[in-house]
Structure formats: structure tokens, C-alpha cells
Amino acid sequence: MFEKFTVKARQVVVASQEEARLLKHGHIGTEHILLGLLDPSDSVAAKVLHQLGYDRETARADVAAVVRPGTEEKSGHIPFSPRAKKTLELALREAVQLHHDYIGTEHILLALLAEGEGAGPKVLAERINPVSRVRAAVLAALEESPGAPGGSWPAGTPATEATEVTVSTASALAGGAPVGSHHLLEAMLRAENSMAARVLRELGVDPAAVAAKIDELDPETTTDANPEETAARRMEIRLTGDEVHLVLRDPATLALARSVTELSGGPIQGAGPVAGLFVPLWRATNQVLQQLRRTVEPESGEEEVSTDDTDAVAKAVRSVLAPRLRRRAG
């Protein structure tokens with residue numbers, strides 16, 4: 001079934017697993033799938049939910065109100081709960097009923113509604129009344145772009161398993177920014193047993209050398225330039241004594257920060273009436289740090305082995321990022 005998932009649908013599955021880890025839960029439930037659906041913000045499901053006034057912060061608050069976090073961090077493979085498994089199975093049914101040959105985020109969202117009994121659909125139904133508005137909005141969105149596979153391979157075009165994994169890995173490496181040719185190149189090199197990886201390696205192309213060259217070159221001078229990655233490349237998380245400094249250096253953010261501090265007469269602290277504005281920043285920073293830690297920490301030999309495509313993508317992303325992060329830290 002997973003071979004039919006679009007890139008963004010696979011991102012939802014990976015994001016659901018990350019949400020379960022963040023909450024220290026030993027399973028992936030419908031509540032984690034709901035949070036995962038809001039992660040690729042440009043997906044059909046996320047756009048529909050935003051259109052209906054439902055965003056990630058609202059979802060987090062709703063989930064926190066009904067599900068308590070665990071007490072121990074989880075590592076390795078996290079299994080799906082029976083309700084979450086049913087949701088993914090229903091996603092296939094939703095796609096078939098709509099005569100689609102792919103499973104996108106919109107089908108997962110419709111499946112979440114169809115499952116109906118888990119924490120995810122319940123909190124959604126409490127916010128959006130009647131919840132049937134969600135299905136109507138999804139169908140309306142699909143009518144505007146019929147046959148669009150939501151960020152994966154063109155509808156009706158067959159693709160091999162290696163291609164699907166490569167595209168999913170490239171999307172994960174982009175981390176929410178537009179996928180560039182350099183992401184595809186690294187993803188091809190890391191697609192185990194693929195024809196592309198075999199050709200490149202037999203030609204003497206070293207993955208570590210490619211990674212080093214990508215870090216050395218600036219995509220801003222190429223047709224892969226995009227404002228998100230340009231800004232991200234100038235960011236830094238630095239530990240200074242007992243303080244964590246989040247450094248942003250892109251001109252647009254600098255200009256905006258100067259304007260705000262001039263209007264406020266100095267630095268702005270996360271206290272008083274603006275405390276709530278700082279909460280999403282705090283959460284996002286901690287989430288990034290946790291993801292980075294999981295990337296660079298040694299893998300546990302006790303982790304459950306899985307052949308799932310989403311685990312293959314996670315393994316490939318780790319193999320790309322972990323050595324690079326350790327090298328820079330050293």
C-alpha cells in the first residue's frame with residue numbers, strides 16, 4: 001500500500017512518527033496522524049484544514065487536552081495503533097472511491113474522518129462543526145486541481161520503488177523547502193540497491209565527496225536558489241554558557257528585527273502579553289533540537305528492523321546528515 005503514497009503522504013507518516021516521539025508515546029495513534037497532516041503546510045490536507053481555521057498549534061493544544069505525554073523517550077521503530085492502521089487502510093479505500101491511483105494527504109484526512117473513533121477525528125470534530133465540512137472542502141479542493149497527486153509522481157505515470165524512495169528522501173532532505181536537484185542527487189546516491197546508486201558508485205562517485213561539495217557550493221548562484229534554503233544556510237544554533245542562541249542572518253529577518261526593536265525601544269522578552277507569541281518559537285526550536293539529536297546520536301542495536309519505505313527514507317536521511325553534523329561540530 002505504501003508504494004501508492006505520494007511524497008507528501010509519506011511525509012505525513014514520518015511526521016506522525018516524530019509527533020509520537022515528541023510526546024514520548026509508544027505507538028502512533030490517530031492524534032499523531034492529525035498532527036502529521038498539518039506538517040507539510042502546502043499539502044492538500046493542510047490547506048483544507050487551514051482554510052477551515054484549524055492549524056498546527058490548535059491541533060497541538062487539542063491533542064494535549066485529551067492525551068497525556070509519556071515519561072520515557074522512545075527510540076527505534078514506533079508501531080501504529082489499531083485505529084491508526086485502520087486509518088491508513090481507509091485511505092486506500094478513499095482513493096479507490098475517488099478513482100485515484102495514488103494515496104495523498106487528502107485521502108488520509110478523509111480516512112481519519114471515516115475512522116471516527118480515535119482521538120484525532122474526535123478533537124477535529126469538536127473544533128469543526130459539522131465535521132462534514134472537512135469532506136466538502138477536500139472535494140472542492142480536488143475539483144480545482146483534478147488528478148493532481150499532491151507532490152509526488154504525475155498521476156498515471158508508473159514509477160519503480162527506487163524512484164518513489166528517492167523522491168521521498170529528497171523531499172525529506174529539503175526539510176519543507178522546495179526540493180532541489182542537489183537533494184535529488186544525494187537521495188539517488190543513498191537509495192540502496194537502486195540502478196542510479198549503482199551506476200554512480202561504479203563510476204567512482206563518492207557520497208561523502210558529493211555531500212562536501214554541496215556544502216561548499218552556494219545554491220543561490222544556481223537555478224536551485226530559493227529564499228527558504230538561503231535563509232536557513234545562514235542560521236545557527238549556538239550554546240553559549242547557559243544560553244541557547246538562535247542566530248538568523250538573512251537580510252529580510254534582520255530588517256524586520258531592527259524595525260521591531262526600534263519600535264519597542266530594545267530587546268523583546270517572552271514575558272507578559274507577548275509570552276504566547278514566543279511559545280510556537282520555543283516549541284519549534286525544541287523540536288528541531290530533538291530531531292538533530294536523534295540524527296547524530298549512535299543508533300541502538302536494539303531497534304526493530306523494518307523494510308517500510310518510510311524507515312528507508314529515515315535511514316537515508318540519517319546517513320546524509322549525521323556525518324555532516326558531526327564533522328561541523330568537530
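Reader: On what basis are the features reported?

Author: The model is predicted, so local features need pLDDT of at least 70 and side-chain atom pairs count only at pLDDT 80 or more, while totals for chains, interfaces and linings use all residues. Residues are numbered from 1 along each chain as its sequence is written, and side-chain values use heavy atoms, with hydrogens and water left out.

Reader: What is the volume of the second largest pocket?

Author: A pocket is an open set of points on a 1 Å grid over the protein atoms alone, where a 1.4 Å probe fits, with protein on both sides within 12 Å along at least five of seven lines; lining residues have an atom within 4 Å of a point. Points are joined across faces, edges and corners, and a volume is the space filled by probe spheres set on them. Here the volume is about 820 Å³.

Reader: Which residues lie nearest the centre of this pocket?

Author: Of the 17 lining residues of the second largest pocket, L246, L248, I268, F278 and L281 lie nearest its centre. Elements are DSSP runs numbered from the N terminus (helices: H or I, at least four residues; strands: E, at least two). β2 (243-247), α14 (251-264) and α15 (275-296) each give two or more residues to this lining, and α14 gives the most, with six.

Reader: Which residues of helix α3 are buried?

Author: Buried means under 20% relative accessible area, exposed over 50%, and partly exposed in between (1.4 Å probe, protein chains only). In α3 (residues 44-51), V44, A45, A46, V48 and L49 are buried. Just after α3, G53 takes a positive phi of about 80°.

Reader: How many salt bridges does the structure hold?

Author: A salt bridge is a side-chain nitrogen of Lys or Arg within 4 Å of a carboxyl oxygen of Asp or Glu. The structure holds 11. In one of them, R283 pairs with E57, the closest N and O atoms being 2.6 Å apart. R283 lies in α15 and E57 in α4 (residues 56-66), so the pair ties together parts 226 residues apart in sequence. R283 is partly exposed at 32% relative accessibility, and E57 is partly exposed at 28%.

Reader: Where do D62 and R127 lie?

Author: Their side chains meet in a salt bridge (3.0 Å, N to O). D62 lies in α4 and R127 in α7 (residues 119-127), so this pair ties together parts 65 residues apart in sequence. D62 is buried, with a relative accessible area of 11%.
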